Amino acid sequence: MYFWPSNQIFMYNYPKTIISLFLISFILFSCNCNKENNNNNNNNNNNNNNNNIAKAELTTNQNNKPKNIILLIGDGMGLSQVSIAQYYQDTPSNFDRFPTIGLIKNSSATHVITDSAAGATAFSCGIKTGNKTVGVDKDLNSVETILETVSKKGLSTGLVVTSPITGATPASFFAHVKSRYEYEEIASFLPKSDVDFFAGGGSQFFNNRKDGENIFTELEAHGFQVDTLSLPKDISEKKHAILLAKNEMPLIKERGSYLSDASKLAIKKLSTNEKGYFLMIEGSLIDWECHDQEVDKLIDEQLDFDRTIGHVLDYAKQNGETLVIVTADHETGAFALAMGDNDYGKIEPTLYSNDHSATMIPVFAYGPGADLFSGVYENTEIYHKMLSLFQNN
Ligand SMILES: [Zn+2]
């Protein structure tokens, strides 16, 4: 009887000389390949000379610790959402400007697929917690947030979002509740919180509540200037509470450059503190449009977020003491830039799901301390890396 040898037996039985010849050829071939790759790299280096100069400029001061950190969260933004800016606008994507890229794993303590509450709590508290819970551990004990920690050190803090300010992502930085849906309870945290500037929607949870309380009055009693009609033209001596919609902010056609403008105003206010600041900016509605299966609106939201990143990077480049981190809590919609009509020349942007997915999420970093953010790691490390960089403030 004859058996076709398995690979292992085949190798063992082969004459040693043939194996040696094979190995020598393989090594020589590998050397050539490496050489070719080096040549290609050199060509690329020459071709992208201007780009490299720009990046060298961007990486200056990276060994230093930052005075300020701006964390931008594109809620629901995976790599395909990030790629939108590459294909759907005339100007280059602002993501191209980042010298440091990493990837985060984002499962929660209770589920392989995280929700926004556990995802943001990983960033704000450095812990894996249960889905739906905000600023608490998996046993529902309150955990101090990075915003609270740096505020104790005397830094200023801010939050700018397009969702209600009581939404899971911003809430994870100032509230501690067992359910992300306790919007009124979450709003009650803000007057006494450590937040110096916040902007977003969700006014109904402040002035039209089941308990009849008016949180606007409380905010004013705690030193906030409250604006509900439009962004204030300039900063004041007071803290700022800006709530421009009953629920989420309106679509881009109606709200215009709100996200960029509110971010600039926040930076202006927070940078009056000599000790530094922490600011979180969220492109909240990227996630909402993915849930709603609205591809065109998703593209609008993603491009708005990209423009905001551009303004923040322009500021950080000029400022030189600010670390900018862009990432997401999870991907939403299993979004893909798929091929359309069996044509390699055509993209059909497609949402394959109406909920979150488990894919890893990119992290982009620029400024002093950016190098820390390369590699593949858990979402909780974002918190630990930020806190280590704030140690000397
Ligand atoms: Zn989310």
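The following questions and answers walk through a predicted model of a protein chain.

User: How many helices and strands does the protein chain have?

Analyst: The protein chain has 393 residues, and buried residues make up 51% of them. Its secondary structure comes to 15 helices and 14 strands.

User: What share of the contacts in the protein chain with a separation of 6 or more comes from residues 24 or more positions apart?

Analyst: A contact here means heavy atoms within 4.5 Å. Among the contacts in the protein chain with a separation of 6 or more, the share that comes from residues 24 or more positions apart is 72%.

User: Which residue forms a salt bridge with Lys268, and where does that residue lie?

Analyst: Lys268 has its closest N and O atoms 2.8 Å apart in a salt bridge with Asp234. The pair links distant parts of the chain, 34 residues apart, with Lys268 in helix α12 (residues 258-270). Lys268 is partly exposed because its relative accessible area is 42%, and Asp234 counts as partly exposed at 39%. The partner is therefore Asp234, in the loop between β5 (224-227) and β6 (239-243), a placement that rests on helices and strands being DSSP runs.

User: Are Asp304 and Arg255 buried or exposed?

Analyst: The side chains of Asp304 and Arg255 meet in a salt bridge, at 2.7 Å from N to O. This pair joins helix α14 (residues 295-319), which holds Asp304, to helix α11 (residues 252-255), which holds Arg255, across 49 residues. Both residues, Asp304 and Arg255, are buried.

User: Which residues are linked with Arg255 in a network of salt bridges?

Analyst: The structure holds 13 salt bridges, and one of them is formed by Asp304 and Arg255. The residues linked with Arg255 in a network are Glu301, Asp304 and Arg307.

User: Why does Lys178 count as exposed, whereas Glu182 is partly exposed?

Analyst: Lys178 and Glu182 form a salt bridge, in which the closest N and O atoms are 3.3 Å apart. Glu182 is partly exposed because its relative accessible area is 25%, while exposed residues are those over 50%. Lys178 is exposed because its relative accessible area is 53%.

User: Which residues form a nonpolar patch on the surface together with Met360?

Analyst: Met360 lies in the loop between β12 (356-357) and β13 (361-366), and Met360 counts as partly exposed because its relative accessibility is 35%. The patch has about 230 Å² of accessible area together, while the protein chain exposes about 18,900 Å².

Technical notes. Residues numbered from 1 in each chain as written. Predicted model: local features only at pLDDT ≥ 70, side-chain atom pairs only at ≥ 80, totals over all residues. Heavy atoms only, no water. Patch = residues over 30% accessible without salt bridge, like charges linked within 9 Å, V, L, I, M, F, W, Y side chains within 5 Å. Areas by Shrake-Rupley, 256 points an atom, 1.4 Å probe, with all protein chains shown as cover. Salt bridge = Lys/Arg side-chain N within 4 Å of Asp/Glu carboxyl O. Helix = DSSP H or I, 4+ residues; strand = E, 2+ residues; numbered from the N terminus. Buried < 20%, exposed > 50% of the residue type's maximum accessible area, 1.4 Å probe, protein only.
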